[in-house]
Amino acid sequence: MALRSISHNLGTNLCRYSTAVAAAKPIIVTSSVPGPKSIEMKKRLAQIQNSSNVNFFVDYEKSQGNHVVDVDGNRILDAFTQISSMPLGYNHPALVKTMQSNSAVTTAANRPAMGMFPPVDFIEKLIQTLLSVAPPGFSKVQQMACGTCSVENALKCAFVKYRNDERSGDINPSQAELDSCMDNQSPGSPQLSALSFKTGFHGRTLGSLSLTRTKPMHKVDVPAFDWPAVEFPRLKYPLEDYVDENKKIEQEALNGVQQAFENWSKTKPIAAVIVEPVQAEGGDKHASADFFKGLQSICKQHNAAFIVDEVQTGCGPTGKMWAHEYWNLDTPPDMVTFSKKMHIAGYYFQPEFEPVQPYRIFNTWVGDPLRLALLETTVDVIRNEKLLDRVQNSGKVLMDGLNSIQRGKAGTVSGVRGKGTFIAFDLPTEQRRQQLISTMLQKGVLIGGCGEKAIRMRPALIFDQPECEVFLDTLDSCL
């Protein structure tokens, strides 16, 4: 009797699993993707604005979970999720319910200028949302509208704090500083700089674009601050096979940072260093916890702000809420920027980086309370459904599968790397990479590229084992 029961349960579970895999499979109804409707709409859009970036047009009402449905009716397994910005996939019931609430309707109809006229529940919302998931060691947060303006304003805080320190803690600029800044001249507009890393990405507005060092077309023709950039470690993979060699590579990078501080000290002292836990746009480049600890130590030595840019890595895709938690720092960073999966953007900061005078960190909206409501729901779902555990489990399935493919197709797939489902691997050339992205899309799986020749995975936190298996099977068939 017991054996029959076990057999029955096993059969039921296998049946359910097979059903889940079938449900995860894409459905392509056109001869190619993008289909004819998307192509025609792209032509129409081109008459209004540049449409060269458009992949395909989406029917968001029909998209569900891990699948995006395009205007032609193709159901595509999405492992890119709106450039890594959807924590719970498409039309998650809890998010839809939040948006249908009376409070959401009121907020949407009466968007407040948050810096001057915040709503009555604003403080509680901050406590329940942004502060409830704050990185260890942070109790202050400033919300913004997008990732690049979060970086911009974090930089402003770093510069203000640096100048306050130079004034021996006097927070009040002199009259000469107030007058000269209106002409963009010293001493009011000081000769300071911020250090970033080559192949790093921090946004596209003027200040953050000066920090961005990925693609020339992002920067060309646009004036930029003359700020230093040093090499980010180019580690060899798998990391466990090159421990000693990678240590030397990281030490060389840290030596470059130290040298930059010395070289720039007499012309434009470095007031801040900004770094991504994983250089995402730059090719999913990783570094060890020791590297980041060394970087923080150099920043402290020179009284420069240590800013961690978690716009892509924040909110769980590495298996922790914040990727820098893997570093086990003795003291927290000075600031941590966020956006994308968090719904709302902004930065966490230490108290000494808060400008005292009003309107120094300010804009009309200063974030969006509607996005805070979505974040509150998302955090509840992450906790209740244990999605960080799911990310780690799915990440293991993907890494095991990719490593198996790498062993079987040596010379085609290389450099498999990642934490959680924040995963990448390399193809031999950029052309091969672009061919694979296109071939996968024709079979109904959406992935992205980054760096010179890398494929990156950016699925939602709900990406589970059935989706992993569909992804791996499709990838293997396309190589």
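**Close-up views of a predicted model**

View 1. The structure holds 0 disulfides, a disulfide being a pair of cysteine sulfur atoms within 2.5 Å. The closest cysteine sulfur to that of Cys157 belongs to Cys149 and lies 12 Å away, too far for a bond. Cys299 is likewise in no disulfide, its nearest cysteine sulfur being that of Cys157 at 16 Å. Cys157 is buried, with a relative accessible area of 2%, and Cys299 is buried at 1% (buried: under 20% relative accessible area, 1.4 Å probe, protein chains only). The model is predicted: local features need pLDDT of at least 70 and side-chain atom pairs pLDDT 80 or more, whereas totals for chains, interfaces and linings use all residues. Residues are numbered from 1 along each chain as its sequence is written, and side-chain values use heavy atoms, without hydrogens and water.

**View 2. The open sheet S10-S11-S14-S13.** Four strands follow this order with antiparallel pairing (strands: DSSP E runs of at least two residues; helices: H or I runs of at least four; both numbered from the N terminus; pairing: at least two DSSP bridges). Strands S10 (414-419) and S13 (448-450) each have a single partner strand, so one side of each lacks a neighbour in the sheet.

**View 3. Surroundings of Asp284.** Asp284 lies in the loop between strand S6 (270-275) and helix H12 (289-301) and is buried, with a relative accessible area of 0%. Among the residues that Asp284 touches are Arg417, Ala424 and Cys450 (contact: heavy atoms within 4.5 Å). Arg417 has Ala424 in S11 as its bridge partner.

Terms used
Buried means under 20% relative accessible area, exposed over 50%, partly exposed in between (1.4 Å probe, protein chains only). Lists of a residue's contacts leave out its neighbours within four places in sequence.
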